[in-house]
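This report is for a reader who is new to the structure below.

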Amino acid sequence: MRQLIFKSLMAMCAISSPAIASSHALALPSEKNVTAKAAPTKVTHPEWSRDAVIYEVNWRQMTPEGTIAAVEKQIPRLKELGVDILWVMPVNPISKEGRKGELGSYYASADYKALNPELGTMDDFRHFVKTAHDNGMKVIIDWVPNHTGNDNWWLEYHPDFYKRDASGEPVHPYEWTDVSQLDYSNPQMRRYMIDAMAHWLCDADIDGFRCDVASMVPVDFWNEARPQLEAVKPGLFMLAEASSPDLQAEGFDMGYNWPMASLFKAIANNAGQYTMPDDPGKKEAVAIDSLLASQQAEYPGDTYLMNMITNHDFNSWEGTEFQRFGNLADAMAVLTYTLPGMPLIYTGQETGLNRALEFFKKDDAPLFEPRNSYFEFYQKLNALKHSQKALRAGAPGTQGGHIVRYPTKSQDLYIFSRQLDGSEVLVMTNLGSKTRKIKYQGEAPLANDMINYFTGKHEKYPSSLKPGEYRVYIRPKYTSNKPM
């Protein structure tokens, strides 16, 4: 019988990974500074994460080969792009029982400690991680803790690890008939899960996890698991696929900013740019204020949210960013970098990929060469994120910049600055359907020798903005720890 021997996670793993500390928080809105109401997170964020950009790697679709070795060849390009964290989609073998489509779902794991042979070998993956580290990047793997594939070996040898229905059959959550749901009331299952996660920290030297449907797993499991995993890999980074403040009190560095992504859809719909068949409602740009304020009040102090205009779920199931945001897509991308949080780039986003990638079968890879204007656009945004202290993730005024809002008579204009320790980034956007004159209802932003970040020129602030138009200004005399 196959045995899984649980080893003490407190033992030293043959990994050298610095325990870099600090904390990160959501800077928040309002015309003036707001004091966070929630208690600070107990998570100590790695310092490198404060000005990081995360990139989601879709193994299957990123290259014609769809292998780890082929994706590794993209690392120099991603370094040039300015990426800091590679979030790679699941690396485990995919179950065959109940498999969806030709290749199945990444999220139906057959074995938590094995590598999907379709991607390559374990040596290939170790080499990929080392190459990423050598190029100054971190690697986090997509982890699926809520359920396993229907032929995962746990089902045979540990049937008590699973939830059962009235007839004693494994529970399939939602319409996910290719997976069976785990039972977190079983202490042994919890130990096995933590051990499996620690395996990848030790054996592959990864830097953390993106945890699928993290809110479907009890919060107390994450609070239990985090310190044990930290003992194995000091300074690891944890991303929850959830918008749940309680998960970020002790367990996770960052959660999904789904509410902001949903608000972006409603703003685009209000501007007549949303072309998908569902109805996301309608909101004006100034609704960003109330969302930021509620997040500052609800989330633990000094925590992160991941901002995005696309990811694998949005792209495959809800439409491309161009279908959802139309001519506002670029302006909203700018907001993912300049509003509080960490920006995400999904495979192909940096090429302006304007088609949905298949999810359960092989698709044509995006064309990454020659470099186009989208590559330059995101490269420039990444450099902005790295160079401007005001854009760092963190508690307003200490780790990340305060937001100062400049309200106008138009509800479609969203104009604000982030400010911290001499760094200032002023952002102007028109998220409406018409050209709008900029008429402030209070203070106007002072020029203060600011320059247009994208042109590098001193210029007067615009008196109006066209639909989807944006401007980003910075202080030219500000010097940072990283080159622009």
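## Overall build

Of the 484 residues of the protein, 58% count as buried. The model is a predicted one. Its secondary structure comes to 13 helices and 17 strands. The radius of gyration is 22 Å, close to the 23 Å that the globule rule gives for 484 residues, so the protein is as compact as a globular protein of that length.

Taken along the principal axes, the box filled by the C-alpha atoms is roughly 75 × 45 × 45 Å. Among contacts between residues at least 6 apart in sequence, 74% join residues at least 24 apart.

## Nonpolar cores

In soluble globular proteins, nonpolar side chains tend to be buried together. Here the largest nonpolar core has 106 residues. The residues with the most contacts inside this core are W59, L86, F125, F128, F209 and I288. Helix 6, residues 187-204, supplies the largest share of the core, 10 residues. A second core of 18 residues is separate, and includes W87, M254, M306 and L344.

What does I288 touch, leaving aside its neighbours within four places in sequence? I288 is in contact with M260, L263, F264 and I267, and also with L335, L339, Y414 and L431.

## Helix 4 and helix 6

Two packed helices are described by the angle between their axes and the distance between the axes. For helix 4 (residues 122-134) and helix 6, the axes come within 10 Å and cross at roughly 70°. An angle of 65 to 115 degrees counts as roughly perpendicular, which means that helix 4 is roughly perpendicular to helix 6.

On the helix 4 side, the residues that meet helix 6 are M122, F125, R126 and V129. They face W200, D203 and A204 in helix 6. By class, this contact has 5 nonpolar, no polar and 2 charged residues. F125 is also one of the residues with the most contacts inside the largest core.

## Helix 8 and helix 9

Helix 8 (residues 258-270) packs with helix 9 (residues 287-298) at an angle of about 170°, and their axes are 11 Å apart. Angles over 145 degrees count as roughly antiparallel, so helix 8 is roughly antiparallel to helix 9.

From helix 8, P259, M260, L263, F264 and I267 take part in the contact. From helix 9, the residues are A287, I288, L291, L292 and Q295. By class, the contact has 9 nonpolar, 1 polar and no charged residues.

Definitions and conventions:
Residues numbered from 1 in each chain as written. Predicted model: local features only at pLDDT ≥ 70, side-chain atom pairs only at ≥ 80, totals over all residues. Heavy atoms only, no water. Core = buried A, V, L, I, M, F, W, Y, C linked by side-chain atoms within 4.5 Å. Buried < 20%, exposed > 50% of the residue type's maximum accessible area, 1.4 Å probe, protein only. Helix = DSSP H or I, 4+ residues; strand = E, 2+ residues; numbered from the N terminus. Contact = heavy atoms within 4.5 Å. Axes fitted to C-alpha atoms, helices over the stretch in contact; angles between N-to-C directions. Parallel < 35°, antiparallel > 145°, perpendicular 65-115°, else oblique. Nonpolar A, V, L, I, M, F, W, Y, C, P; charged D, E, K, R; others polar. Rg over C-alpha atoms; globule rule 2.2 N^0.38 Å.
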